[in-house]
Structures are given as structure tokens and as C-alpha cells.
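Here are a few notes from my pass through this one. Have the model open while you read, and start with the pocket.

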Amino acid sequence: MSMFNPYFLLAVVFAILGSFGGGYWKGLNDEEARQQAEVARLNTEARETEQRMAEVAQTYAKTLRKANNVAKVKEDKLRTDLASGERRLFIPVKAECPVQATADAPAPSGDTETRAELDGRVAQALVDLTSRGDQAIRSLNACIDQYEKMRSFK
């Protein structure tokens with residue numbers, strides 16, 4: 001059996017190709033296993049981050065609910081006080097007096113601003129408007145705080 005025998009050369013070529021093929025197959029399987037392990041690790045990290053974000057969202061939602069409940073109690077008290085007349089709302093008005101006061105008249109003491117009392121329905125509407133605005137501001141602030149907290153989770 002000589003080295004130049006075609007069957008021997010064919011066997012050597014097949015052996016070399018087989019060893020390269022086996023190495024390629026093993027390397028491919030090793031890379032696939034490494035990628036699967038990396039994907040599993042990244043999925044675990046993503047689930048943990050998602051869990052922390054959900055906890056933060058629940059915390060801020062709970063805080064917002066508490067703040068809204070406190071504000072609702074204050075708003076209800078204000079509405080009750082306005083309805084009962086215990087509290088009245090005034091607005092400053094510009095009054096022009098056609099009668100001139102004399103120079104030797106005594107100066108008025110206390111509050112000299114001219115004010116007008118608001119009607120009950122107008123006062124209730126004003127309270128409604130401000131309470132909706134306050135609630136929107138509380139919601140926006142909670143959203144901003146939650147965003148800033150979650151932005152740091154990476």
C-alpha cells in the first residue's frame with residue numbers, strides 16, 4: 001500500500017474533511033449552547049427589572065391614591081363650608097366712586113380693597129375647576145417621579 005494509492009489519498013481526504021466537519025459541528029453546538037445560556041441570563045435580568053418596575057409603579061399608584069384621597073377630603077370640606085356659608089369666596093373689584101371724598105375726611109382704617117362675594121354656584125364651579133387642576137398636577141408629578149425612578153433601572 002503506497003501513499004500514492006488513490007484509495008489511501010481518498011481516505012486521508014475523507015479523514016481531514018471528517019475532522020473539520022466534526023470540529024465545525026462541535027463548535028456550532030457549543031456556540032448555540034452559549035447563546036441559549038446568554039438569552040436565558042438576559043431574560044432573567046429582564047424579568048427581575050420588570051418586577052422591580054412593577055413594584056415601583058404600584059408604590060407610586062398607592063401614593064397617588066392616598067394623596068388624591070386626602071385632597072378629596074379637603075375638597076369635600078371646602079364644598080361643605082361653601083354650601084353652609086361658613087366660608088365665602090371674594091374677588092377684588094375695581095370700584096369707581098363718583099363722589100369725591102373731602103380732604104379733611106378721616107382715612108379709612110383696615111382693608112380698603114373693594115371686594116365682591118362670589119355666588120354659591122360660581123364658587124362651587126371654581127372649586128371644581130381648581131380640584132381638577134390640582135389632581136392633574138398630582139398625577140403629572142407622580143408620573144414624572146415614577147419615570148425618573150424607572151429610568152435608573154438599567
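1. The largest pocket holds about 190 Å³ of space. Bear in mind that this is a predicted model.

2. Who lines the largest pocket? Asn68, Ala71, Lys72, Glu75, Leu78, Val127, Thr130, Ser131, Asp134, Gln135 and Arg138. Two elements, α1 (6–84) and α2 (120–151), each give two or more residues to that lining, and α2 gives the most, with 6 residues.

3. Asn68 is worth a click. Asn68 sits in helix α1 and also belongs to the lining of the largest pocket. Is Asn68 buried or exposed? Its relative accessibility is 18%, and the cut-off for buried is under 20%, so Asn68 counts as buried. Leaving aside residues up to four places away in sequence, Asn68 touches Gln135 and Arg138, both of which are also in the pocket lining.

4. Now α1 as a whole. At 1.5 Å a residue, its 79 residues should span 117 Å, and the end C-alpha atoms are 114 Å apart, so the two values agree.

5. Which residues of α1 are buried? Thr49, Val56, Asn68, Glu75, Asp81 and Leu82. What covers them includes α2. Glu75, like Asn68, is also listed in the pocket lining.

6. One last stop, after the helix: α1 is followed by Gly85, which has a positive phi, near 85°.

How values were computed:
Residues numbered from 1 in each chain as written. Predicted model: local features only at pLDDT ≥ 70, side-chain atom pairs only at ≥ 80, totals over all residues. Heavy atoms only, no water. 1 Å grid on protein atoms, 1.4 Å probe; cavity = no way out; pocket = protein on both sides within 12 Å on 5 of 7 lines; lining within 4 Å. Points joined across faces, edges and corners; volume = space filled by probe spheres on them. Helix = DSSP H or I, 4+ residues; strand = E, 2+ residues; numbered from the N terminus. Buried < 20%, exposed > 50% of the residue type's maximum accessible area, 1.4 Å probe, protein only. Contact = heavy atoms within 4.5 Å. Expected span 1.5 Å × (residues − 1).
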